[in-house]
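Please open the structure in your viewer and keep the selection tool at hand.

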Amino acid sequence: MPDNFYSLETGKPFTHCCACDCQLSEAGMHIINKSYVAGECIFELAMCIECREDMNAQLSEESRVAIFDFMHDHTDMDQREQELGTDSNTEAYLQSCITCGTDAHGLTNYSTGAMFSHTTLVKGPFPMLICSACEEKLGETISDETRDVWDKFIGEHFPGPPSEIELPNGNKPLLM
Ligand SMILES: [Zn+2]
Ligand SMILES: [Zn+2]
């Protein structure tokens, strides 16, 4: 597992789902999200695919379509697949913002997402990186209802200071 998807808190791979506390090594798939501000990781989570799907199911249809459309309109997935396939270096998937193409080396504010099968990084659309400007634009396309689902989720699963995390634009990370 590449280091950059290790838990910053423990310095090791994530072990449990943040929502249902299942063992990720036994879960079929899981997703890891991290958000960086000023180059520092301010938020990280690991979630099993079942919890992720449960959460997606709570989002309004309208927002799900808006998120899909945004990604579809701004990302050439076919080209990405041709260039990267499923076996490039992890860094190659994270070298630029997935939606605007800005070189990640110049970025200090961004979020990353990766999908794992047990302890193996699954390569394809993931891993991905999105810059804060695009995350903000994406945030504008989703409904308040969906925003509430995210905020409530983060509040419930990250009690205490982490749930007060806000990006510079005042929103919570979007968990791509
Ligand atoms: Zn779970
Ligand atoms: Zn971008």
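Begin by selecting strand β2 (residues 40–48), which runs antiparallel to β1 and is joined to it by eight bridges; two strands are said to pair if DSSP finds at least two bridges between them. Helices (H or I, at least four residues) and strands (E, at least two) are DSSP runs, numbered from the N terminus. This is a predicted model, in which local features need pLDDT of at least 70 and side-chain atom pairs count only at pLDDT 80 or more, while totals for chains, interfaces and linings use all residues. Residues are numbered from 1 along each chain as its sequence is written, and chains are lettered from A and ligands numbered from 1 in the order in which they are written.

Within this pair, select Ser-35 together with Phe-43, its bridge partner in β2. Then move to the turn of the hairpin that β1 and β2 form, where two residues lie between the strands and Ala-38 has a positive phi of about 50 degrees.

Next, select strand β3 (residues 110–117), which is antiparallel to β1 and joined to it by seven bridges; here Met-115 is the bridge partner of Ile-31.

Now colour β1 itself (residues 30–37): seven of its eight residues are buried, so the strand is largely enclosed by the rest of the structure. A residue counts as buried if 20 or more other C-beta atoms, placed from the backbone, lie within 10 Å of its own.

Finally, show the whole protein, which has six helices and five strands, and follow the pattern β-β-α-α-α-α-β-β-β-α-α along the sequence. Of its 176 residues, 29% count as buried.

How values were computed: A residue is buried if 20 or more other C-beta atoms lie within 10 Å of its own, exposed if 12 or fewer, and partly exposed in between; C-beta atoms are placed from the backbone.
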